[in-house]
Amino acid sequence: MTEILKLPNPTWFVGCGNMGGAMLDGWRVGGLDLAPVTVIRPSGKVIEGATVVTSFDDAGKAPRIAVLAFKPQQLAEIAPELARHIDRGTVIVSLLAGVEIATLRGYFPAAEGIVRATTNLAVAVRRGVTGLYGEAGDWRFRDQIGDLFTALGFAMWMADEDKLAALGSVAGAGPAYVARFIAALAKAGVERGLSEEIAATVALETVLGTAWMAATTGESMDSLAKRVASPKGTTQAGLDVLDHDRVLDQLVAVTVDAAAKRGAELAQEARSASVA
Ligand SMILES: NC(=O)c1ccc[n+]([C@@H]2O[C@H](COP(=O)([O-])OP(=O)(O)OC[C@H]3O[C@@H](n4cnc5c(N)ncnc54)[C@H](OP(=O)(O)O)[C@@H]3O)[C@@H](O)[C@H]2O)c1
């Protein structure tokens, strides 16, 4: 018999804004019981199905899993207090972009294990992309954590933190880049006379249809583009602009590089703050 997927009890979310909220939305939509979840957030803003408190002192017994879902810049401020409320049976799951396991271990010496998860906002609709990297050693919940992220879309364990960063540089910020591309396609439609509403729908459905077609058939992007473009035809004229001097590839590469550079800066800031 298949076991029903459950959240360890208690599971804490320390912070629950865009990313934490998206994860809880995805699990709720997937039918997971959020009763084991306690969210600690200063605003006390209510979250359907979970308990929300504004301070660690009100959060109850030590968590089995503590999900770090605040901004990386707040680690030095929040970690010392959280560390007082966890015990040797707590596994830390960090969503903090760029903050390495070694830095987290420095803040949480008592934790049973530490996992980094690089995920994205599409977890809210269970189409997220998540990379996981766990500290070496023997700690509980490894399989359960993998299953919990798989319930939110595509999830895989990465070989090392460099690979995790590589996945994050594409998937973490990816929805923002794709959103910009869809908006640009829509703007082009408006410039050619479509209403904003129709252009937005047409651009969105075009991207959705293309992604869906590729996902269901496994066809490569190159082959798909070739099937749309007949030689010397209209699409080819457009592709010639995007392909000239690899202009689109270069633009995306420098975009992803800029985000990766910022990730490295955040990791360095977190390392420096932890030894300060
Ligand atoms: N957004 C993304 O697409 C994305 C993608 C990949 C990774 N991430 C990672 O996810 C993490 C969260 O990002 P986000 O976009 O969700 O940020 P966010 O929307 O700004 O949410 C931050 C959360 O931190 C809480 N918070 C602030 N001070 C706190 C304190 N002293 N104690 C406990 N909680 C506190 C806030 O509480 P209130 O709600 O009460 O104000 C809020 O819930 C970041 O580390 C980021 O690197 C985000």
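How many helices and strands are there in the protein chain? There are ten helices and eight strands.

## Overall picture

This is a predicted model. The protein chain has 276 residues, and 38% of them count as buried. Its C-alpha atoms fill a box of roughly 65 × 40 × 40 Å, taken along the principal axes.

The accessible surface comes to about 15,700 Å². Carbon and sulfur atoms account for 59% of that surface.

## The nonpolar cores

The largest nonpolar core has 31 residues. Those with the most contacts inside it are Phe13, Met23, Leu24, Trp27, Ile145 and Phe149. The elements that give two or more residues to this core are H1, strand E2 (37–40), E4, strand E5 (91–94), E6 and H4. H1 gives the most, with five residues. A second, separate core holds 24 residues, including Ile40, Ile78, Ala111 and Ala270.

What does Phe149 contact, leaving aside its neighbours within four places in sequence? The partners are Met23, Val93, Leu95, Ala117, Thr130, Leu132 and Ala155. One of these, Met23, is also among the residues with the most contacts inside the largest core.

## The cavity

The model has one cavity of 30 Å³ or more. The largest share, three residues, comes from H4.

How does the lining divide into nonpolar, polar and charged residues? Nine are nonpolar, one is polar and none is charged.

Most residues other than glycine have a negative phi, and most peptide bonds are trans. A few places in this chain depart from that pattern.

A cis peptide bond joins Asn9 and Pro10, with omega about -5°. Pro10 sits in the segment before strand E1 (11–14). Phe141 is not a glycine, yet has a positive phi of about 75°. Phe141 lies in the loop between strand E7 (128–134) and H4. Asp245, also a residue other than glycine, has a positive phi near 55°. Asp245 lies in the loop between helix H9 (234–243) and helix H10 (247–275).

Is Phe141 buried or exposed? Phe141 is buried, because its relative accessible area is 15%, and the cut-off for buried is under 20%. Asp245 has a relative accessible area of 60%, so Asp245 is exposed; the cut-off there is over 50%.

## Ala110 and Arg88

Ala110 lies in the loop between helix H3 (101–107) and strand E6 (113–118). Its relative accessible area is 25%, so Ala110 is partly exposed. Not counting residues up to four places away in sequence, Ala110 touches Asp87, Arg88 and Arg105. Ala110 and Ile145 are 35 residues apart along the chain, and their C-alpha atoms are separated by 19 Å.

Arg88 lies in the loop between helix H2 (75–83) and E5. Arg88 counts as exposed because its relative accessibility is 64%. Its contacts, not counting residues up to four places away in sequence, are Pro109, Ala110 and Glu112. Arg88 and Glu269 are 181 residues apart in sequence and 27 Å apart in space, C-alpha to C-alpha.

## A buried serine

Where is Ser169? Ser169 has its place in helix H5 (residues 161–171). With a relative accessible area of 17%, Ser169 is buried. Leaving aside neighbours within four places in sequence, Ser169 is in contact with Tyr177 and Val256.

Technical notes:
Residues numbered from 1 in each chain as written. Predicted model: local features only at pLDDT ≥ 70, side-chain atom pairs only at ≥ 80, totals over all residues. Heavy atoms only, no water. 1 Å grid on protein atoms, 1.4 Å probe; cavity = no way out; pocket = protein on both sides within 12 Å on 5 of 7 lines; lining within 4 Å. Points joined across faces, edges and corners; volume = space filled by probe spheres on them. Helix = DSSP H or I, 4+ residues; strand = E, 2+ residues; numbered from the N terminus. Nonpolar A, V, L, I, M, F, W, Y, C, P; charged D, E, K, R; others polar. Buried < 20%, exposed > 50% of the residue type's maximum accessible area, 1.4 Å probe, protein only. Contact = heavy atoms within 4.5 Å. Areas by Shrake-Rupley, 256 points an atom, 1.4 Å probe, with all protein chains shown as cover. Core = buried A, V, L, I, M, F, W, Y, C linked by side-chain atoms within 4.5 Å.
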